[in-house]
Amino acid sequence: MSGRQSGRPTLEQVAVRAGVGRGTVSRVINGSPRVSERTRTAVARAVAELGYVPNQAARALAGSRTDAVALVIPEAEARIFAEPYFLDLIRGVSAELAEADKQLLLTLVRSERERQRFAQYLATQRVDGVLLASVHGDDPLPDRIGELGLPVVMNGRRGEAEPVPYVDSDNIGAGRAAVAHLVGRGRNRIATVTGPLDMYVARARLGGYRAGLAEAGLAPDEELVAPADFTEEGGRRAVRLLLDRRPDLDAVFAASDVMAAGARGALREAGRRVPGDVALVGVDDSPLARLMDPPLTSVRQPIEEMGRTMARMLLREIAEGPEEPERPRRHVLPTELVVRESG
């Protein structure tokens, strides 16, 4: 290979040319001292030969920082400000960044046009790094941010082999714990309301539900599975569908407290008593769980701590460059079942 390439060169191309890893290239262009002079020279030569001069690299080499971090949530305002999950996540991120004297920029990205506009905004060197939440499986935004040379950390992941650093909770364990609890209460026709199945979090909780059934010796029944969208109305519609299919169901595991609230409404409309006729379990252990009638049994995930952990990971990458191979690029925090009167 010799000479400049046509099109915009990527970090991967620079890495191949220099004979090093992508993370090493990013450390060099971010001015990390933890790189040998020989490696720094090889990367600089590759950058020059390929014409790779991203704005982020120029800013870092100049020693300039914005002291601002973007938290990007690809959801509508109505969901973000109505769902306790996002408020707790924002609280955790904000607290950690405040301790580091960093500004938080909250950004909502809901369409391809807004993704493109946000990518253009990042290219103008307005932030030092990006936190992403509620990312769907086909969302290209994490990779676009990486191509700009910006550090990025996600809340959750797009799949099992997620290459972008992330912080998640034990979603499979959440589903297993919910089912084990319901089985222990004598329930054996256990339905589930899932989140959108293009999101790993929804698939993982569904996987945990199925694993819990198998461990209890209960045969899977797809008529007891109804997808929804993590909203209250979605949970209500899903349980109406489940009752039409299987009026004999005796328990519902909803993959969020908000959907459990909708499920509770649908059960009440159908004249079903909770927990007498149908036991109900959610996920998040949000304030909503404690305020429901009856109070909701829920699998707690440490949402605020996830926000803090994400921010700490990102701040470390901003300060030191990408994590070394021996340092974790992913954190999975434990979940815990909180038993209340609903089941």
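1. F81 counts as exposed, because its relative accessibility is 51%, where exposed means over 50% relative accessible area, buried means under 20% and partly exposed lies in between, with a 1.4 Å probe and protein chains only. The model is a predicted one, in which local features need pLDDT of at least 70 and side-chain atom pairs count only at pLDDT 80 or more, whereas totals for chains, interfaces and linings use all residues. Residues are numbered from 1 along each chain as its sequence is written, and side-chain values use heavy atoms, with hydrogens and water left out.

2. The residue F81 is found in helix α5, which covers residues 77–82; helices (H or I, at least four residues) and strands (E, at least two) are DSSP runs numbered from the N terminus. Together with L87 and L106, F81 forms a nonpolar patch on the surface, and the three have about 260 Å² of accessible area together. Such patches are made of residues with over 30% relative accessible area and no salt bridge, nonpolar side chains (Val, Leu, Ile, Met, Phe, Trp, Tyr) being joined within 5 Å and like charges within 9 Å. The areas come from the Shrake-Rupley method with a 1.4 Å probe, and for residues only the protein chains shown count as cover.

3. For the chain as a whole, the secondary structure comes to 14 helices and 12 strands, and the C-alpha trace spans about 70 × 35 × 35 Å along its principal axes. Of the 343 residues, 55% are buried, while the accessible surface comes to about 14,600 Å², with 51% of it belonging to carbon and sulfur atoms. Among contacts with a separation of 6 or more, 71% are between residues 24 or more positions apart, contact meaning heavy atoms within 4.5 Å.

4. The chain carries 47 positive and 48 negative side chains, and the centres of the two sets lie 3 Å apart. Here Lys and Arg count as positive and Asp and Glu as negative, with His and the chain ends not counted, and each charge is placed at NZ of Lys, CZ of Arg, CG of Asp or CD of Glu. A salt bridge is a side-chain nitrogen of Lys or Arg within 4 Å of a carboxyl oxygen of Asp or Glu, and by this rule there are 28 salt bridges.

5. One of these pairs is R158 with D143, whose closest N and O atoms are 3.1 Å apart. R158 lies in the loop between β4 (152–155) and β5 (166–169) and D143 in helix α8 (residues 141–147), so the pair ties together parts that are 15 residues apart in sequence. R158 is buried at 12% relative accessible area, whereas D143 is partly exposed at 36%.

6. E160 and R157 also meet in a salt bridge through their side chains, at 4.0 Å from N to O. In this pair E160 is exposed, with 58% relative accessibility, and R157 is buried, with 12%.

7. R300 and D285 form a further salt bridge, in which the closest N and O atoms are 2.7 Å apart. Because R300 lies in strand β10 (residues 297–300) and D285 in the loop between β9 (279–284) and α13 (287–291), the pair ties together parts that are 15 residues apart in sequence. R300 is partly exposed at 35% relative accessibility, while D285 is buried at 8%. Beyond its neighbours within four places in sequence, D285 is in contact with residues including D257, R290, S298 and R340.
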